[in-house]
Amino acid sequence: MSAPVPARRLILLVDDDSLLLDYLVAVLGHAGYDTLTASSAAEALQHVAEREADIALALLDVSMPGMSGLDLARRLKDHTSVAFMFLSSVDDAETARQAASHGAVGFVVKPVDAARLLPAFESALARADEIRQLRRTEANLNAALTAGRETSLAVGLLMTRFQTDRNTAFEVLRDHARSSRRKVNEVAEQLVAAEELLNGLHGAFAARLKVK
C-alpha cells in the first residue's frame, strides 16, 4: 500500500502586475505549491474570507493602487490568522522596518527570480508555521487553564456544601461527569453557574424581605 501524498500548501499571491503574478504562479507551482491570485487588496480579502483556514502564507506587493500592501497586512494581522511576507520594488531600511513592524515573516525585493524567491519564501513559510503552532499551543493552554479554574471552583463549592475533602469532592464531580457522558469541566461550569444564580437570587430575596 503506497503512502498518502501530502496535501499541497496553498499560497495567496497579491500584486497588481499580472505578468509577475503569472511568473509567481509558475515558480511556486513547479516547487509544489497551489496558488490563489489577487490583483488588489479587496480581491485578496475576499479570498481570505472564503479560504482563510486553507491559506498557508500570503505574498503581498507593498505598493498597489487603492489599499496598499501595508494596509492589507494590517488587516490580515488584526483580523485573520493568515501569515504574510512582502514583495517590494524598494530595497531600503525604512521599507524593511515597516514590513517588520507590520508582522511580516519575510521580505523579497523585485525584480524576483526563482533562485532568490524560493529560499526566502520557504524560510518565511517555516516561520509562519512556527507562529501558527505557537498560537495553537497558546489557545490550548488558555482553554486548559480556564477549564482548570472552573473545576477548582466547582470542587471548592462541593467541599463547602458537603463538608468533605478535596479528593472526595473531585472524585464525585468526575464520577458524575462520566455517568452523564460529559467532560468534567462542562459539569464544573454548570455547577459554578448554578451557584452564581443561587447567590443572585439569595440577594434578591434578602432585599425584598428587608423592604417588607
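**Entry 1: the model.** I am working from a predicted model. I number residues from 1 along each chain.

**Entry 2: strand β1.** I started with β1, which spans residues 10-14. Is β1 buried or exposed? I found 5 of its 5 residues buried, so the rest of the structure largely encloses this strand. Buried here means under 20% relative accessible area.

Next I looked up where the side chains go. L10, L12 and V14 point one way from β1. I11 and L13 point the other way. All of these residues are buried.

**Entry 3: the neighbours of β1.** Which strands pair with β1?

- β2 covers residues 34-38, runs parallel to β1 and is joined to β1 by 5 bridges. I11 has T35 as its bridge partner in β2. From β1 the chain passes through α1 to reach β2, and I noted this β-α-β crossover as right-handed.
- β3 covers residues 55-61, also runs parallel to β1 and is joined to β1 by 5 bridges. V14 has L60 as its bridge partner in β3.

**Entry 4: D16.** I then moved along the chain to D16. This residue sits in the loop between β1 and α1, the helix of residues 18-30. Its relative accessible area is 39%, so I logged D16 as partly exposed. The class runs between the 20% and 50% cut-offs.

What does D16 touch, leaving out residues up to four places away in sequence? I listed S39, D61, S63, M64 and P65.

I also checked D16 against A194. The two are 178 residues apart along the chain, and their C-alpha atoms are separated by 57 Å.

**Entry 5: helix α7.** My next stop was α7, residues 184-211.

E189 has 37% relative accessibility, so it counts as partly exposed. I compared its position with that of A83, 106 residues away along the chain. The C-alpha atoms of E189 and A83 are separated by 35 Å.

L201 is partly exposed because its relative accessibility is 41%.

**Entry 6: a surface patch.** Which residues make the nonpolar surface patch that includes L201? I wrote down L197, L198, L201, F205 and L209. Together they make a patch of about 540 Å².

**Entry 7: recap.** I leave β1 as a buried strand, with parallel partners in β2 and β3. I leave D16, E189 and L201 as partly exposed.

Methods. This is a predicted model: local features need pLDDT of at least 70, side-chain atom pairs count only at pLDDT 80 or more; totals for chains, interfaces and linings use all residues. Side-chain values use heavy atoms; hydrogens and water are left out. Helices (H or I, at least four residues) and strands (E, at least two) are DSSP runs, numbered from the N terminus. Buried means under 20% relative accessible area, exposed over 50%, partly exposed in between (1.4 Å probe, protein chains only). Contact means heavy atoms within 4.5 Å. Patches are made of residues with over 30% relative accessible area and no salt bridge: like charges are joined within 9 Å, nonpolar side chains (Val, Leu, Ile, Met, Phe, Trp, Tyr) within 5 Å. Accessible areas come from the Shrake-Rupley method with a 1.4 Å probe; for residues, only the protein chains shown count as cover. A salt bridge is a side-chain nitrogen of Lys or Arg within 4 Å of a carboxyl oxygen of Asp or Glu. Two strands pair if DSSP finds at least two bridges between them. A crossover is right-handed if, with the strands pointing away from the viewer, the path from the first strand over the helix to the second runs clockwise.
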